[in-house]
Amino acid sequence: MSTVYEMKLRVDSRDVDLFNQCRPSALLGILQEAATQAALALHVSGPEILAKYNCLWMVTRSWVELDAPLRWNDAITVRTWHRGASGVSSYRDFDLLREGRPVGQGSTIWVMADQDSRKLFRLKELEEFQGTGGGELNKAVKLRRPVMPEVFDAQSRRELGYSDTDINGHVNNAHYADFACDALHLERLGADKFIRSFQIGYLSECRAGEAILIDTAARGDRLFARGQGDGDGTERFDLTLELADLPRNI
């Protein structure tokens, strides 16, 4: 039997950009909150797995696809479920509905890492996941590391601080989208385009006090960003983003 969690909300004025479109970071925040509430319902929330397994939840890759942009004050329903466990990772799928009609979807990959050693926990051993997956609802999409350009067009530097961090002490996954969108100068996007889809891979942790170098490139309506540690060159994240023409009557 599948276990689906449903959350209703309105797009907040703090979620939208200068074009009145919900920012990628805000979309990720919405998915993250739905996943958090679903985990609470399954008794696998952060505090619970820390107490029982000495582990932390970590998202390793996120993907979102929209049919049209979400706007300020839109009434949104998020439905989410997990696909079960495969080795050390598990997919969590999402459907996004506006006024009851499908408007988008998403998927994320999660792992559990030991708080001290960062060794990954085998999720097949997670008792709370048994019999609670999405079953026939599970999406077919598989999130893989994208092919990035051999040559990037530009590079910028970003210092990371207090406001970027979350309860785990590292940079929150949603903030990587802000880093990339700022470096890609999406303020130049224009009102006739919207972000059709994007995918972010979280390759290694970032913390307050560090700085990263962000390489960016544009290939038509496909945009790319890659973050590396300033000084050590450690890969921190990758992002691909696809633009589309704004649908009529939106």
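Guide: Rings of Phe, Tyr and Trp (its six-membered ring) count as a pair if their centres lie within 6.5 Å; planes under 30 degrees apart are stacked, those over 60 edge-to-face, and the rest tilted. The model is predicted: local features need pLDDT of at least 70, side-chain atom pairs count only at pLDDT 80 or more, and totals for chains, interfaces and linings use all residues. Residues are numbered from 1 along each chain as its sequence is written, and side-chain values use heavy atoms, with hydrogens and water left out.

Visitor: How many aromatic pairs does the structure hold?

Guide: Separately from the total, one aromatic cluster is formed by Tyr-176, Phe-179, Tyr-202 and Phe-237. The number of aromatic pairs in the structure is six.

Visitor: Are the rings of Trp-57 and Phe-129 stacked or edge-to-face?

Guide: Their centres are 6.1 Å apart. Their planes stand at 25°, so the pair is stacked.

Visitor: How many residues apart in sequence are the parts that this pair ties together?

Guide: Both Trp-57 and Phe-129 are buried, where buried means under 20% relative accessible area, exposed over 50% and partly exposed in between (1.4 Å probe, protein chains only). Strands (E, at least two residues) and helices (H or I, at least four) are DSSP runs numbered from the N terminus. Trp-57 lies in strand β2 and Phe-129 in the loop between β5 and β6 (154-159), so the separation of the parts is 72 residues.

Visitor: How many bridges join β4 to β5?

Guide: Two strands pair if DSSP finds at least two bridges between them. Strand β2 (residues 55-66) and β5 pair in the antiparallel sense over eleven bridges. Strand β4 (residues 89-98) also runs antiparallel to β5, and the number of bridges joining them is ten.

Visitor: Which residue in the turn of the β4 and β5 hairpin has a positive phi?

Guide: The hairpin has two residues between its strands. A positive phi of about 50° belongs to Glu-99.

Visitor: Which ring does the charged end of Arg-83 sit over?

Guide: The criterion is NZ of Lys or CZ of Arg within 6 Å of the ring centre and within 35 degrees of the ring normal. The charged end of Arg-83 is 4.0 Å from the centre of the ring of Tyr-91.

Visitor: How many disulfides does a search of the whole structure find?

Guide: A disulfide is a pair of cysteine sulfur atoms within 2.5 Å. The search finds zero.

Visitor: How far from Cys-22 is the nearest cysteine sulfur?

Guide: Cys-22 is buried, with a relative accessible area of 9%. Its nearest cysteine sulfur is that of Cys-181, at 11 Å.
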